[in-house]
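Welcome to a short tour of a protein model. Have a look at the sequence and the structure, and then we will walk through some of the main features together.

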Amino acid sequence: MKKQVLFSVFEFIIFLCFHFLFISLVIEAQTCDPSGTIPGTTPPPGQCNQDNNADCCVEDEVYTTYTCSPPVSDNTPATLTINSFQEGGDGGGASKCDNQYHSDDELVVALSTGWFNQSSRCNKFININVNGKSARALVVDECDSQEGCNDEHAYQPPCSNNIVDASKAVWTALGVPESEQGELDITWSDA
């Protein structure tokens with residue numbers, strides 16, 4: 001009987017070790033570290049569209065890039081930013097999902113590269129929540145976390161890895177006054 005109890009304690013210790021190792025690997029898999037950097041360049045005159053207070057790249061500034069985003073949950077923390085998806089707007093080119101431009105009156109968003117997930121969220125809806133209000137928006141584009149500071153990206157820096165870049169219509173649906181639109185902590189989930 002004593003051998004069996006000692007063996008059971010030994011098995012329990014082994015179980016705890018494997019359990020700790022498994023949890024460590026899961027936590028490690030959920031981190032999203034920077035994947036690199038890109039150098040800033042001075043935009044040609046008139047080429048950086050600063051509508052909606054968009055940042056322009058700065059010569060000799062170094063910008064962090066990401067290929068991943070934090071894990072998605074039913075309540076994923078993110079930063080909401082404002083973007084114009086219209087032709088000539090600060091969003092740059094046509095939307096990646098449908099190669100079209102979208103009115104600022106449409107409830108549309110772009111997601112950071114990792115969340116965009118190689119277009120797997122294209123033309124799917126997400127729910128955005130803040131201050132007790134919610135909005136349902138269509139994913140139409142990628143907020144590129146890997147590239148920036150070039151013509152294709154309107155000479156703006158790469159997006160951070162936790163961005164939901166939304167049209168004015170989304171901000172309005174969330175009840176955010178125009179004077180406060182720009183950047184806001186939110187949560188989101190797949191609809």
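A disulfide is counted where a pair of cysteine sulfur atoms lies within 2.5 Å. In general terms, a disulfide is a covalent bond between the sulfur atoms of two cysteines. The model you are looking at is predicted, and by this rule it holds five disulfides.

## The disulfides

Here are three of these links.

| Pair | S to S distance |
|---|---|
| Cys-48 and Cys-56 | 1.9 Å |
| Cys-97 and Cys-122 | 2.1 Å |
| Cys-143 and Cys-159 | 1.7 Å |

Let us begin with Cys-48 and Cys-56. The torsion about their S-S bond is about -105 degrees, so this disulfide is left-handed. Are the two cysteines buried or exposed? Residues under 20% relative accessible area count as buried. Cys-48 has 15% relative accessibility and therefore counts as buried, and Cys-56, at 19%, counts as buried too.

Next comes the link of Cys-97 and Cys-122, which is left-handed, with -85 degrees about the S-S bond. Cys-97 sits in the loop between E3 and strand E4 (108-112), while Cys-122 sits in the loop between helix H2 (113-116) and strand E5 (125-130), so the pair ties together parts that are 25 residues apart in sequence. Both Cys-97 and Cys-122 are buried.

The link of Cys-143 and Cys-159 is left-handed as well, with -50 degrees about the S-S bond. Because Cys-143 belongs to strand E6 and Cys-159 to the loop between E6 and E7, this pair ties together parts that are 16 residues apart in sequence. Cys-143 and Cys-159 are both buried.

How do the disulfides of the protein pair up along the chain? Counting the bonded cysteines along the chain, the pattern is 1-5, 2-3, 4-9, 6-7, 8-10.

## The largest pocket

Cys-143 and Cys-159 turn up again at the largest pocket: together with Gln-156, Pro-157 and Asp-165, they are the lining residues that lie nearest its centre. The lining has 35 residues, and the space in this pocket comes to about 880 Å³. Strand E2 (62-65), strand E3 (76-82), strand E6 (133-143) and strand E7 (163-166) are the elements that give two or more residues to the lining. The largest share, three residues, comes from E6. What kinds of residues make up the lining? They divide into 12 nonpolar, 13 polar and 10 charged.

In soluble globular proteins, nonpolar side chains tend to be buried together. The largest nonpolar core here has 23 residues, and those with the most contacts inside it are Val-109, Leu-111, Ile-128, Val-164 and Trp-188. At least two residues of this core come from each of E3, E4, H2, E5, E6, E7, helix H3 (168-173) and strand E8 (183-190). A second, separate core has seven residues, including Phe-85, Val-108, Val-140 and Cys-143.

Leaving aside its neighbours within four places in sequence, Leu-111 is in contact with several residues, among them Phe-116, Ile-126, Val-139, Cys-143, Val-164 and Trp-188.

## A residue at the surface

Finally, turn to Asp-105, which lies in the loop between E3 and E4. With a relative accessible area of 69%, Asp-105 is exposed. Asp-105 and Gln-86 are 19 residues apart in sequence, and their C-alpha atoms are 9.7 Å apart in space.

Notes. Residues are numbered from 1 along each chain as its sequence is written. This is a predicted model: local features need pLDDT of at least 70, side-chain atom pairs count only at pLDDT 80 or more; totals for chains, interfaces and linings use all residues. Side-chain values use heavy atoms; hydrogens and water are left out. On a 1 Å grid over the protein atoms alone, a cavity is a set of points where a 1.4 Å probe fits but cannot get out, and a pocket is an open set with protein on both sides within 12 Å along at least five of seven lines; lining residues have an atom within 4 Å of a point. Grid points are joined across faces, edges and corners, and a volume is the space filled by probe spheres set on the points. Helices (H or I, at least four residues) and strands (E, at least two) are DSSP runs, numbered from the N terminus. Ala, Val, Leu, Ile, Met, Phe, Trp, Tyr, Cys and Pro count as nonpolar, Asp, Glu, Lys and Arg as charged, and the others, Gly among them, as polar. Buried means under 20% relative accessible area, exposed over 50%, partly exposed in between (1.4 Å probe, protein chains only). A nonpolar core is a set of buried Ala, Val, Leu, Ile, Met, Phe, Trp, Tyr and Cys residues joined through side-chain atoms within 4.5 Å. Contact means heavy atoms within 4.5 Å.
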